[in-house]
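Student: I have a model open and want to go through it piece by piece. Can you take my questions as they come?
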Amino acid sequence: MNWRVNRLFRVIRAGLLVVAACAASSCGASPITSGRIEAALAPTFAHLVEVQVDWLGLPAMTAADFAVTASCRKLAGGAGSGEWGCTLVWKGPQRQTLTDSYDLFVSADGCYTATVATENLGGPLLKAKNGREVRNLLYAFEGCFDTT
Amino acid sequence: MTLRGIHAVFRVECIKLAAQAKTRLALAACVAGPFAFAAVIRLQSSLPEDTLFGRSVQQSGFALPLVVLGFAALWALPVLTSIVGGDLFSAEDRYGTWSTVLTRSRSRSETFAGKTLTALGFSVLAIAVLGVSSIAAGALVVGTQPLVGLSGVLLAAPDALRRVALAWTTALAPAAAFTGLAVLVSIVTRSSVAGIALPVGLALVMQLFALVDGPEPLRRLLMTSAFGSWHGLLAEPRYYAPLVHGIAVSAVYFVVCIASAYWVMQRRDIGR
Amino acid sequence: MGRDKSFEVRRDDRATGFNQGRQKWSVALRVSAAAHREEDGARRPRHVGDGHIEEAAFVLERYPIHQSTLCDWRTAVKTDVSDVVNDGFRAFAADQRPVYTVATTADYHRPAMANRPLEATGISKRYGARAALDVVDLVVDRGVVHGLLGPNGAGKTTLLRILLGLVRPDSGEVRLLGQRLDRGAGGVPERVAGMVDVPAFYPYLSGRRNLQLLASLDGHRGATCATRVDDVLSEVGLAVDSSSLVRGYSAGMRQRLGLAAARLRTPDVLVLDEPTSSLDPRSAADIRRLIRRMADEGAAIVFSSHDMAEVEELCTTMTVIDAGRVLFSGSIARLQRRTSASVHVIRTSDDTAAAALACERDDLRLLSVEGDGLELTGDVAAMDAYVVALGRRGVAVRSLTTRQRSLESLFLELTSGSGAQRSNRLLSAEREDERRAELVS
């Protein structure tokens, strides 16, 4: 009987060690930092513009063409999940420099929902070149990033 | 403890499960649910915008299974895993059949292993049925259009299908952890009600904790965090760290729960 | 006339092909070196004809081999043992049947037989401060129906559960068919079956399905198993109801199904907890018949019961337990020898005065005062003196009869009063009896 108890204790001890190691590997500050959000937001925006351009029937462009840079700050103070405000600076299809603001809600698991805060990008639906209505991917979009 | 013995117990438990209405109902709900959901989406104009991929649901059929996956993590998966896992052992207490079952040629270890395997098997089956059904519902009701991923990249149909299927398989690890928890509760409390209520309640509490922005290390140790580890598969480039983490945490929970349950089971005196 | 010096039961392992027929033991009679006739001054073996072997083999076929049986065997064969036991005797190994050498020893306590069907020694179990069982022994041989008696809460059910591995004893060992019962290892050994509690089954399945599942657990599947299930169902009288869900079964039907489930394992050891308690008289009689048949086929059966008539009818030997301690273990005849077995019923003209007088006397015991007289126990001389004293007091004796006490009243006497006192009295008397038995053999 004793060996069973010992085995159980060993299992529990091992488990606690694994768990503690995982926890210790990123103690302290929240992993949701402006750096991470910017690093996720900019490429996502760029790819979305690429897809949108294709859906609108405009000449194809790649994400890199848009040279998106993002800068974000927490609206409610401190780092971590919650409301963030981000400003994106990028080069449009006509090579013009555009600035757009987004309101982000970032959750603890590293996923965010970005809702456009400016008027430039249009409403939820856009008219494509061939007259059809397509969804405006830039109106509100979501993404996730790694928080480990 | 022999494999043949465990197999014998497993077979008997499967036969018993198949004869019960609740398992058939649960699996039927897994099949019908996604289709009903898809029909509602088609008919309604408002979208489930608070779930990931909710916005894309009318656009690409591959978004539907991901919405179901996101929603299932909240409610359906803890319930599905507990329906069988939380009842398998306490049912013997409810019917008083422990003395019937344990006075046959199978040892307690074999009985425990067979029943645990059955509970795991049902969890896997339920997830598989729910996943396949939601993929089918999406493909049939909405279509197989390309899916806009979590990094804005447009994923072509074959790639999207692969990723969605993989995302569903990542639910197996936390489901196993919940199954282990349900089994432990079932054995310790000897009550099927507790065996379902406690894991589901715990899942709710864990998700509330995640919402409330608790300390990050603790959030990672929650069983429910592993349900969200599929996000990295839909991003470009893919990241697997949360998935690996989720599997490790789920494995620890599973082993601890099952080991404790086994220990309690072995020590128990049946009857007075 | 030489006396046999050594007489031991030993199993001859050179015999191959163990016959599981349980009753068909063949016996090789071979004398050990010491057991020769000494009066001739020299060792002189004696040859015994085939006729003697046949008789001995026949007798041993009908009885399990233990000490008292050896005495019976001798009586049945009607020869002095030393005439039969012989050096260089050929064994009955021709049919591949197991071979035993039979000899007697002066210090013979119990036969050193390899596989006693059920042997529990030193079983103790505490629940908190209360001792449910306190160093209990239980031994049941083949073909014996052993009753377990005791008041409620005496520990009978706990003991039966321990025998089946459902409860772990604090100390002691259980051996079933020679295997030590270890809860960690295997389940209940093959050919051991039991039924405790009201037998429970899955109510959402039919009786037949339940039995099929239990057979599956035992590792039996397929067509032969299905026929066997049908056979046991018809044996207990459930063939008609077997297709309906157990949910609708009465208590009696459940009990019969439980017995069928036990029968399914073709047990050599059967452990039953009040098998006929919820049955109507006819079903109970059927079950008793079934138990008797199983015992005749060689199974060792132990069952607990409250019904004295049933115990008297079925049991060869019994154990009486109270508050976790064994008060008595042995045959009914032995119990009657232990406690005063005969009861004198006296009818007088003034029962009250007679009762008062009986209470005053030390050599008599008043058991009860009934409408038809007083029940007293005591020896003949004590009764004589009592009758004379009654006459002196002016009480007339109208009738005096003696009858055997029922098992029930024996049991009640045993389980009333202080447990420790009673068991001590019984134990010392038992030791005397054993010594006497040794001298005889």
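Student: How many bridges join strand β7 of chain C to β8(C), and do they run parallel or antiparallel?
Tutor: This is a predicted model. In it, two bridges link β7 (residues 171-176) of chain C to β8(C), and the two strands run antiparallel.

Student: Which residue is the bridge partner of R175(C)?
Tutor: R180(C), which sits in β8(C).

Student: What order do the strands take in that sheet?
Tutor: The order is β5-β4-β7-β8 in chain C, four strands in an open sheet with antiparallel pairing. Strands of a sheet pair through backbone hydrogen bonds, either parallel or antiparallel.

Student: Which are the edge strands?
Tutor: β5 (130-140) and β8 (179-180) of chain C, since each of these pairs on one side only.

Student: Which residues of α8(C) are buried?
Tutor: I287(C), I291(C), M294(C) and A295(C). Looking down the axis of α8(C), the buried residues fall within an arc of 100°, so they line one face of the helix.

Student: Why would residues three or four places apart point the same way?
Tutor: Because an α-helix has 3.6 residues a turn.

Student: And what is on the other side of α8(C)?
Tutor: Exposed residues: P281(C), R282(C), R289(C), R293(C) and D296(C).

Student: Which residue just after α8(C) takes a positive phi?
Tutor: G298(C), with a phi of about 110°.

Student: How confident is the predictor about chain C?
Tutor: The mean pLDDT of chain C is 70, with 66% of its residues at 70 or more. Over residues 1-114 of chain C, pLDDT stays under 50, although the model has 151 contacts beyond four places in sequence for that stretch.

Student: What does the model score for ipTM and pTM?
Tutor: ipTM is 0.88 and pTM is 0.76.

Student: Now the interfaces. How many residues of chain B are in contact with chain A?
Tutor: 33 residues of chain B, and they meet 33 residues of chain A. On the chain B side, the elements that give two or more residues are α11 (216-220) and α12 (241-267). The largest share, eleven residues, comes from α12(B).

Student: What classes of residue make up that side of chain B?
Tutor: The side of chain B that touches chain A has 18 nonpolar, ten polar and five charged residues.

Student: And where does chain B touch chain C?
Tutor: There, 26 residues of chain B are in contact with 32 residues of chain C. α1 (3-19) and α6 (98-101) of chain B are the elements that give two or more residues to this side, and α1(B) provides the largest share, seven residues. By class, this side of chain B has nine nonpolar, ten polar and seven charged residues.

Student: Last one, chain A. How many helices and strands does it have?
Tutor: Three helices and seven strands, running α-α-α-β-β-β-β-β-β-β from the N terminus. Of its 148 residues, 28% are buried.

How values were computed. Residues are numbered from 1 along each chain as its sequence is written. Chains are lettered from A and ligands numbered from 1 in the order in which they are written. This is a predicted model: local features need pLDDT of at least 70, side-chain atom pairs count only at pLDDT 80 or more; totals for chains, interfaces and linings use all residues. Two residues are in contact if their C-beta atoms, placed from the backbone, lie within 7 Å. Ala, Val, Leu, Ile, Met, Phe, Trp, Tyr, Cys and Pro count as nonpolar, Asp, Glu, Lys and Arg as charged, and the others, Gly among them, as polar. pLDDT is the predictor's confidence in each residue, from 0 to 100. Two strands pair if DSSP finds at least two bridges between them. A residue is buried if 20 or more other C-beta atoms lie within 10 Å of its own, exposed if 12 or fewer, and partly exposed in between; C-beta atoms are placed from the backbone. The arc is that of the directions from the helix axis to the C-beta atoms.
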